[in-house]
Amino acid sequence: MSMTGVNMGDRYVLQMQHTLRRLGYNLAVDGVAGKETLKTFNQMIADSGLKEVEPAKPAAGDWKDDWDAKLKGVHPDLVKVVRRAAELTTTPFKVIDGVRSKEKMWEMYGKGRTASQLRAKGVPVKYAKPKVRKVTWLNNPLGSKHRAHADGYGHAVDVFPAPYTNAVWERIDLFEEVAKAMYAAGAELGIDITWGGNWDGDSRWHERGEYDNPHFQI
């Protein structure tokens with residue numbers, strides 16, 4: 001994974017530099033892949049404990065058989081980032097959600113909301129589940145990045161780290177390890193991503209409102 005030379009367009013170098021700054025590294029954003037950029041990239045890899053591995057099938061239990069199905073219809077750029085991150089990460093993860101149908105978005109919107117709240121947004125009241133934890137704060141029930149966009153692709157995925165138990169929801173550190181791999185993959189591929197644990201893209205993760213840990217989008 002060590003970066004010893006770069007031959008890429010300025011746009012990709014800029015994206016990589018922006019990502020490194022969001023991760024907290026002091027680096028000029030100038031679109032030039034000079035010594036400081038290479039040094040900072042390699043330092044990020046070392047700090048993250050990431051390493052390059054030969055592409056291989058995941059170990060038993062790391063990914064479910066529906067891995068490809070979950071990524072079906074997701075934008076190819078985001079699929080590339082997810083697959084590369086899965087090779088880089090020291091914390092195995094699986095995709096739990098990709099493209100959502102209208103019905104699925106209604107279902108997600110109904111969690112934590114009453115029938116009257118759903119009716120006001122044109123959502124069938126059968127999806128109301130006011131007693132469960134709210135999972136989306138979108139004002140528009142169909143405004144999710146998980147929807148199929150005009151380009152025909154969904155622009156978001158939700159991922160979940162091993163060991164795939166309910167207790168993991170409280171393990172912010174595991175989600176952060178996956179996020180580091182996703183950011184590293186995005187920087188390597190020149191694909192800018194946004195994480196639900198850092199909506200504003202600064203170096204401070206999990207500020208107020210930044211709690212959607214499984215969510216990544218382009």
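Which residues form one aromatic cluster? Tyr183, Trp195, Trp205 and Phe216 do.

## Model and conventions

This is a predicted model: local features need pLDDT of at least 70, side-chain atom pairs count only at pLDDT 80 or more, and totals for chains, interfaces and linings use all residues. Residues are numbered from 1 along each chain as its sequence is written, and side-chain values use heavy atoms, with hydrogens and water left out.

## Fold

The protein chain has seven helices and four strands. These are DSSP runs numbered from the N terminus: helices are H or I with at least four residues, strands are E with at least two. Along the sequence the pattern reads α-α-α-α-β-α-α-β-α-β-β.

Of the 218 residues, 43% are buried (under 20% relative accessible area; exposed is over 50%, partly exposed in between; 1.4 Å probe, protein chains only). Among contacts (heavy atoms within 4.5 Å) between residues at least 6 apart in sequence, 58% join residues at least 24 apart.

## Aromatic pairs

Rings of Phe, Tyr and Trp (its six-membered ring) pair if their centres lie within 6.5 Å; planes under 30 degrees apart count as stacked, over 60 as edge-to-face and the rest as tilted. The count is seven aromatic pairs. Phenylalanine 160 and tryptophan 169 are tilted, because their planes stand at 50 degrees, with ring centres 4.8 Å apart. Phenylalanine 160 is buried at 7% relative accessibility. Tryptophan 169 is partly exposed at 37%.

Tryptophan 195 and phenylalanine 216 are stacked, 6.1 Å centre to centre with 10 degrees between the planes. Tryptophan 195 lies in strand S3 (residues 194–195) and phenylalanine 216 in strand S4 (residues 215–217), so the pair ties together parts 21 residues apart in sequence. Both residues, tryptophan 195 and phenylalanine 216, are buried.

## Charges over rings

A charge sits over a ring if NZ of Lys or CZ of Arg is within 6 Å of the ring centre and within 35 degrees of the ring normal. Lysine 94 lies over the face of tyrosine 164, 4.6 Å from the ring centre. The charged end of arginine 113 sits over tyrosine 109, 3.9 Å from the centre of its ring.

## Largest pocket

A pocket is an open set of points on a 1 Å grid over the protein atoms alone, where a 1.4 Å probe fits, with protein on both sides within 12 Å along at least five of seven lines; lining residues have an atom within 4 Å of a point. The largest pocket is lined by 34 residues. Nearest its centre lie Val135, Thr136, Trp137, Asp212 and Pro214.

Strand S1 (93–97), helix H5 (102–110), helix H7 (172–189) and S4 each supply at least two lining residues. H5 gives the largest share, four residues.
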